[in-house]
Amino acid sequence: MNPCHVCQEPTKNKCSNCNLVSYCSVQHQKQDWKTHKPSCHPFKIAHNEQLGRHLVATRTIKPYEIILKEAPLMRGPSQISAPVCLGCLNSIEADDHIDCSECGWPLCGPECKSLDEHKAECGLTKDRGDKVNVTEFNGPHPLYTCLSTVRCLLIGETSPEKASKFQELESLESTRRGSNQWKADLTSIGQFIPKFFKTQKFSEEEIMRAVGALQINGHEVPISDPPHVAVFYTASFVENSCLPNLAKSFNKNGHCILWAPREIKKNAHLSICYSDAVWGTADRQRHLMQTKLFKCACVRCVDVTELDTLYSAIKCEDRKCGGLMLPIKDDDWNGSWRCRECHKQVQKHYVERILERAGQDIHSMEKNVESGLKYLKHYEKWLPPQHYHMSEIKILLVQLLAKDQQELMVIPDDRLLLKLQFARELIELYEIIAPCEVRMLGTLCFELHSAIAEQTRRVALETSLSPKDRLEESLFYVDKCVNYLQYESDIFVEGHMLKQAKINRDALRMVTRIS
Ligand SMILES: [Zn+2]
Ligand SMILES: [Zn+2]
Ligand SMILES: [Zn+2]
Ligand SMILES: [Zn+2]
Ligand SMILES: [Zn+2]
Ligand SMILES: [Zn+2]
């Protein structure tokens, strides 16, 4: 028995959404809902030595359930940014913008001037006495480096509540202090802000803490072009895992939506991937160490086989062997590698040479079908078919092999089969190691469903075989696609795909019911 949140009367009834507060009656629950609602989530904020604050599920979370929708505390330009409008954060052209009449910072139009978010740097620039004059619009602009930090420092001017929440965020200042990144930030932000804005408002320490909090907690938000950076409060307590249980989407207002692609058990820790689950382990770990300053020890990172997918393995140096090589030590991707079959060992630089060249070749490759197929043929000497570089090319090929419905109708049979094969392989692989990469999985499911439907059409033309099984399979994947993409806004490609997927799903449901 727990006391009712309203009248203290002992009761067994709890709020069924969060499982955290008790009510003696429906009336008292209703009465309290307005105050309780903002903190009513199916998780609680827990604390321990090793993780600091983290989120724990307070009940079983159903598949596709949204567990948190949150507006940002602050948003602004990325630290490395070409000039963008300081209202909507979209890029601007030299000959197509206005300068803010008060501060001189470029805006795309008058409607963007009145946005609250611009007030921070606008006021600080006015106090400086001199308007800003941006004349270079191509490439990263040094003046923009400090702007998001300025916005963090001035959150309190529009909302003291947001300011105190921002203060709670981790900045890892003592860990960062003295590193190369920290030194660069000190020059371009810490010492730059007082000098440029002619202000004594902020101490160097205060500024550097804000820089750290921004780097540690910043999310890249793709609703603007280029993407901007935003800091969220509750979402910042979600811990990292390279095999997370939450997917992250953004609505068109830039609010963050965290949801569960699969069921999450009560008491499980909630997690998202701070790096990119599509990268191999060595790359994810390097990225996490550089940007978030920690070594990841999640289930995927401590397993060199990455859940038996051998996603980062290379082929044995001995071509006749046919085995695969992986690091000898589970947690040391920079040491020697050994073949799992013949136990032959190679040094780190042998592996590095192959992977670096394979990476550079993807980078410089023309993104078309012929180059993609050539790449796969060339690198099959060193990399197994599921390797992350090979998989990246296949993701590209699944989309390039028939880019739309018209192309799909005329694509040669052998190419259609390739599209089917790659899409199936990739969905199977990524549902194991990256089940929360919902935009990629949704896209692959969409491509697969349409390829299956096209194959069905072709077979039906030649034989009188019942296409029912195939159509049901096509329906299965388009259903999956809708599930994966259901929270994607129509400002994104995936949002458009979602609309089409729903139309196709309904049509397929009709057909499979009739046949
Ligand atoms: Zn009560
Ligand atoms: Zn509740
Ligand atoms: Zn704008
Ligand atoms: Zn202004
Ligand atoms: Zn990890
Ligand atoms: Zn071998």
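Cys103 counts as buried because its relative accessibility is 0%, where buried means under 20% relative accessible area, exposed over 50% and partly exposed in between, with a 1.4 Å probe and protein chains only. This is a predicted model, in which local features need pLDDT of at least 70 and side-chain atom pairs pLDDT 80 or more, while totals for chains, interfaces and linings use all residues. Residues are numbered from 1 along each chain as written, chains are lettered from A and ligands numbered from 1 in written order, and side-chain values use heavy atoms, without hydrogens and water.

Which residues are the protein donors of the zinc ion (ligand 4)? They are Cys100 (SG), Cys103 (SG), His118 (NE2) and Cys122 (SG), at 2.1 to 2.3 Å. Donors are N, O and S atoms within 2.8 Å of the metal (3.2 Å for Na, K and Ca); water is not among the atoms, so sites may look incomplete. The donor residues follow the spacing C-x2-C-x14-H-x3-C. Cys103, in the loop between strand S7 (98-99) and strand S8 (106-107), and Cys122, in helix H3 (residues 119-128), are 19 residues apart and link distant parts of the chain. Helices (H or I, at least four residues) and strands (E, at least two) are DSSP runs, numbered from the N terminus. Cys122 is also buried, with a relative accessible area of 7%.

I turn now to the strands. An open sheet of three strands has the order S5-S13-S12, with antiparallel pairing; two strands pair if DSSP finds at least two bridges between them. Its edge strands are S5 (66-70) and S12 (247-250). Four bridges join S5 to S13 (residues 256-259), and Glu70 stands opposite Cys256 in S13.
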